[in-house]
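Let us take a walk through this structure together, one stop at a time.

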Amino acid sequence: MFDVQKIRAQFPILSQTVNGKPLVYFDNGATSQKPKVVIDAIEKYYQEINANIHRGVHTLSQLATDAYEISRAKIQDHINAEHLHEVIFTSGTTHGINLVANGFASIVTKGDEVMVSALEHHSNIVPWQMLCERTGAKLVVIPMDENGELILSEFDRLLSDKTRIVAVNHISNALGIINPIRYMIDKAHQAGAAILIDGAQATPHLKPDVQALDCDFYVFSGHKICGPTGVGILYGKEAWLNKLPPYQGGGEMIKEVTFEKTTYAELPHKFEAGTPNIAGGIVLGTAIDFLNEVGFDAIQKQEKELLQYGTAKLSEIEGLTIYGTGEKTSVISFNIEGIHPYDIGTIVDKLGVAVRTGHHCAQPIMNYFNIPGTIRASFAFYNTKEEIDIFVEAVQKAKMMLS
Ligand SMILES: *Cc1c(COP(=O)(O)O)cnc(C)c1O
């Protein structure tokens with residue numbers, strides 16, 4: 001049985017007060033809070049087994065290496081990757097996308113096309129723009145409609161034999177919209193293009209099955225799924241990872257180095273140059289275990305209730321517009337007529353509520369709606385309806401003060 005109070009008790013930060021008020025944390029889209037097991041696991045690593053991995057024959061180095069590789073196997077299992085070496089540790093989603101975009105410089109040539117969507121985070125736009133600048137390829141953008149949904153007929157029309165890769169998010173960070181990636185993956189493949197899925201906002205809410213999806217790449221960040229910052233995952237199909245050149249050169253990624261010629265290590269090490277975030281990699285496994293123990297069914301049920309309750313409550317406020325009304329996850333992005341989102345964010349913070357205000361690293365979406373930004377409340381499974389009541393009251397108070 002899902003007991004939200006029992007869950008909350010495992011997140012030390014949630015019992016804090018902020019500005020003299022109990023903390024209401026609704027900025028989960030930016031980063032999630034961490035349960036005690038994760039915090040303890042970081043401490044345990046540094047107190048008991050800290051050593052560099054894959055190098056020493058000494059006991060601690062072996063213990064650290066084993067723990068790191070056990071975590072990789074957990075992640076393989078979690079995302080259902082066919083091979084262990086298809087799971088690459090990165091520093092986060094941004095790193096994973098840059099690694100792939102950089103590698104595609106050896107594949108993409110002038111006249112080719114690289115496709116992103118109008119709903120992307122800057123992390124899934126800028127690396128592809130840089131690739132296009134380097135290679136002379138053209139960046140093509142799948143447009144969205146006023147519900148915040150991608151226009152699939154346009155996607156179909158824009159795909160061609162010039163399309164080398166499509167990069168699209170599973171769930172939008174700014175609006176919470178769930179994209180029909182299963183359909184998009186098939187269509188991209190039919191056109192002969194590869195496809196990368198940015199799973200940064202999906203992995204907190206669901207367990208992606210990369211084999212069922214059949215995507216070529218899937219990237220996400222540890223810090224949005226109850227894990228530490230500075231660690232993330234790039235999943236890539238073996239054939240693609242073998243085809244792409246290394247991203248960074250250095251220790252750990254080599255087989256043999258001479259001044260004449262260096263040969264590269266096998267996967268996954270080819271893409272893991274230098275000393276990684278060892279504690280982060282190990283503890284990402286702890287975070288994934290934690291989420292699976294809570295259970296993704298329970299997580300989705302709780303978040304769906306919060307989304308419905310929050311949407312209904314906020315909609316009662318006059319002059320309030322919610323952006324993104326298609327099928328979505330527990331994100332409410334909104335504005336109140338005549339008031340700057342930043343001003344509301346500042347006032348609700350004084351009342352203990354943490355929300356994100358601004359463009360959410362997705363300026364093109366804000367440009368589409370012709371707004372400077374939104375107030376984004378993003379709920380996690382450890383949030384409650386009582387917190388939504390506090391938030392809605394705070395928004396009403398802010399509105400009164402500002403209008
Ligand atoms: C957060 C986020 C990113 C960037 O993740 P980092 O952890 O900052 O690298 C990329 N895409 C989406 C959809 C995100 O939500």
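With which side chain does the side chain of Glu252 make a polar contact? Before answering, please keep in mind that the model you are looking at is predicted. The partner is His54: the two side chains meet in a polar contact of 2.8 Å.

Let us see where these two partners sit. Glu252 belongs to the loop between α9 (238-243) and β11 (254-257). With a relative accessibility of 18%, Glu252 counts as buried, because the cut-off for that word is under 20%. Setting aside residues up to four places away in sequence, Glu252 touches Ile53, His54, Arg55, Ala265, His269, Glu272 and Gly274. You will notice that His54 turns up in this list too.

His54 itself is placed in the loop between α2 (36-49) and α3 (59-79). Its relative accessibility is 27%, so His54 counts as partly exposed. The backbone deserves a look here as well: His54 is not a glycine, and yet its phi is positive, at about 60 degrees. Why point this out? Because most residues other than glycine have a negative phi.

A second residue with this feature is His360, whose phi is positive and near 55 degrees although His360 is not a glycine either. You can find His360 in the loop between β16 (356-358) and α13 (363-369). Is His360 buried or exposed? Its relative accessible area is 0%, so His360 is buried.

While we are on the backbone, there is one more thing to look for. Most peptide bonds are trans. The bond from Leu267 to Pro268, however, is cis, with omega near 0 degrees. Pro268 lies in the loop between β12 (262-264) and α10 (278-294).

Now step back and view the whole chain. It is divided into domain 1, made of 4-30 and 295-402, and domain 2, which spans 39-292. The centres of the two domains, taken over C-alpha atoms, are 28 Å apart. Where the domains meet, domain 1 contributes 33 residues to the contact and domain 2 contributes 34 residues.

Next, turn to the ligand. Which residues surround the ligand? They are Thr93, Thr94, His121, Ser123, Asn173, Asp198, Ala200, Gln201, Ser221, His223 and Lys224. By type, this shell divides into eight polar residues, two charged ones and one nonpolar one.

A polar side-chain atom of Asp198 is 2.5 Å from a nitrogen atom of the ligand. His223 places a polar side-chain atom 2.7 Å from an oxygen atom of the ligand. For Lys224, an N or O atom of the side chain is 2.7 Å from a ligand oxygen atom. How much of the ligand does the protein cover? On its own the ligand has 380 Å² of accessible area, and the protein covers 86% of that.

From His223 we can move on to Thr229. Leaving aside neighbours within four places in sequence, Thr229 is in contact with His223 and Asn277. Thr229 is found in the loop between β9 (217-221) and β10 (232-236). Its relative accessible area is 54%, so Thr229 is exposed. Thr229 and Ile125 lie 104 residues apart in sequence, and their C-alpha atoms are 22 Å apart in space.

Another threonine to visit is Thr203, in the loop between β8 (194-198) and α8 (210-213). Thr203 is buried, because its relative accessible area is 3%. Its side chain reaches the backbone oxygen of Gly199 at 2.8 Å. Beyond neighbours within four places in sequence, Thr203 is in contact with Pro208, Tyr218, Phe220, Ile225 and Phe296.

Our last stop is Gly373, in the loop between α13 and β17 (374-378). With a relative accessible area of 0%, Gly373 is buried. Not counting residues up to four places away in sequence, Gly373 touches Asn335, Pro341, Gly358, His359 and Met366. Between Gly373 and Lys162 there are 211 residues of separation along the chain, and their C-alpha atoms are 34 Å apart.

Note on methods:
Residues are numbered from 1 along each chain as its sequence is written. This is a predicted model: local features need pLDDT of at least 70, side-chain atom pairs count only at pLDDT 80 or more; totals for chains, interfaces and linings use all residues. Side-chain values use heavy atoms; hydrogens and water are left out. A residue is near a molecule or strand if one of its heavy atoms lies within 4 Å of it. A polar contact is a pair of N or O atoms within 3.5 Å; within protein, one must be able to donate a hydrogen and the other to accept it, and residues adjacent in sequence count only if both atoms are side-chain atoms. Accessible areas come from the Shrake-Rupley method with a 1.4 Å probe; for residues, only the protein chains shown count as cover. Ala, Val, Leu, Ile, Met, Phe, Trp, Tyr, Cys and Pro count as nonpolar, Asp, Glu, Lys and Arg as charged, and the others, Gly among them, as polar. Helices (H or I, at least four residues) and strands (E, at least two) are DSSP runs, numbered from the N terminus. Buried means under 20% relative accessible area, exposed over 50%, partly exposed in between (1.4 Å probe, protein chains only). Contact means heavy atoms within 4.5 Å. Domain bounds come from an automatic or database domain assignment.
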